[in-house]
Amino acid sequence: MVGEIRDPETAEIATHAALTGHLVLSTLHTNDAAGAVARMVDMGVENYLLSSSLLGIVAQRLVRKFCSECKIPYTPKKDELKQLGITSTEGEFYRTKGCPNCMGSGFFGRTAIFEILTVDEDMRSQIIRSPEANVIRKLAREKGMKTLQEDGAEKVRLGITSVEEVLGATRV
């Protein structure tokens, strides 16, 4: 475990540990999973070393969950859902009114939204050719990666959290 990779020395140590067969888990502050590749390169890790040492990258954000005691169903406006890319009002959409259970906030607890970028041979080749975040993101999306916002939209459709929560957690 490496608590956080913040500087070139730590990035180099983590990369070399991974290259020697250790499973290295760490945190890195970026806006999304694809940004982690560019961030590591910015810290001086060579593309070819990074491509050989990465297995996957997970971006995550926490969003508040609706209070189960006071959430009430409602039909959202289309423009509200459009912000998250939701085109259908199929799902369980809620809002809250606040209650003693949630101390009037309408929310109780948190859940995570995720973006998981897997590093396969195509991704390794791309990291060597061009480690830019937008290029990595495009390839990951082509291979089926769901973005933070898309995972959040699914949690909105399932009635777990609100559009505002997801937008607040995913806006850069």
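**View 1. Helix α2 crosses helix α6 in this predicted model.** Helix α2 covers residues 33-42, and helix α6 covers residues 133-142. Their axes come within 8 Å. The crossing angle is roughly 140°. The crossing of α2 and α6 is right-handed.

**View 2. Residues at the contact of α2 with α6.** Helix α2 contributes Ala-34, Gly-35, Val-37 and Ala-38. Helix α6 meets them with Ala-133, Ile-136 and Arg-137. By class, this contact of α2 with α6 holds five nonpolar residues, one polar residue and one charged residue.

**View 3. Helix α7 packs with helix α8.** Helix α7 spans residues 148-157, and helix α8 spans residues 163-170. The angle between them is about 165°, and their axes lie 9 Å apart. Angles over 145 degrees count as roughly antiparallel, so α7 and α8 are roughly antiparallel to each other. The crossing of α7 with α8 is right-handed.

**View 4. Residues at the contact of α7 with α8.** From α7 come Leu-148, Gln-149, Gly-152, Ala-153 and Val-156. From α8 come Val-163, Val-166, Leu-167 and Thr-170. The contact of α7 with α8 divides into six nonpolar and three polar residues, with no charged ones.

**View 5. Thr-147 in the loop between α6 and α7.** Thr-147 has a relative accessibility of 17%. Buried means under 20%, so Thr-147 counts as buried. Leaving aside residues up to four places away in sequence, Thr-147 touches Phe-114, Glu-115 and Arg-141.

Terms used. Residues numbered from 1 in each chain as written. Predicted model: local features only at pLDDT ≥ 70, side-chain atom pairs only at ≥ 80, totals over all residues. Heavy atoms only, no water. Axes fitted to C-alpha atoms, helices over the stretch in contact; angles between N-to-C directions. Helix = DSSP H or I, 4+ residues; strand = E, 2+ residues; numbered from the N terminus. Left-handed = near helix turned anticlockwise from the far one by under 90°. Contact = heavy atoms within 4.5 Å. Nonpolar A, V, L, I, M, F, W, Y, C, P; charged D, E, K, R; others polar. Parallel < 35°, antiparallel > 145°, perpendicular 65-115°, else oblique. Buried < 20%, exposed > 50% of the residue type's maximum accessible area, 1.4 Å probe, protein only.
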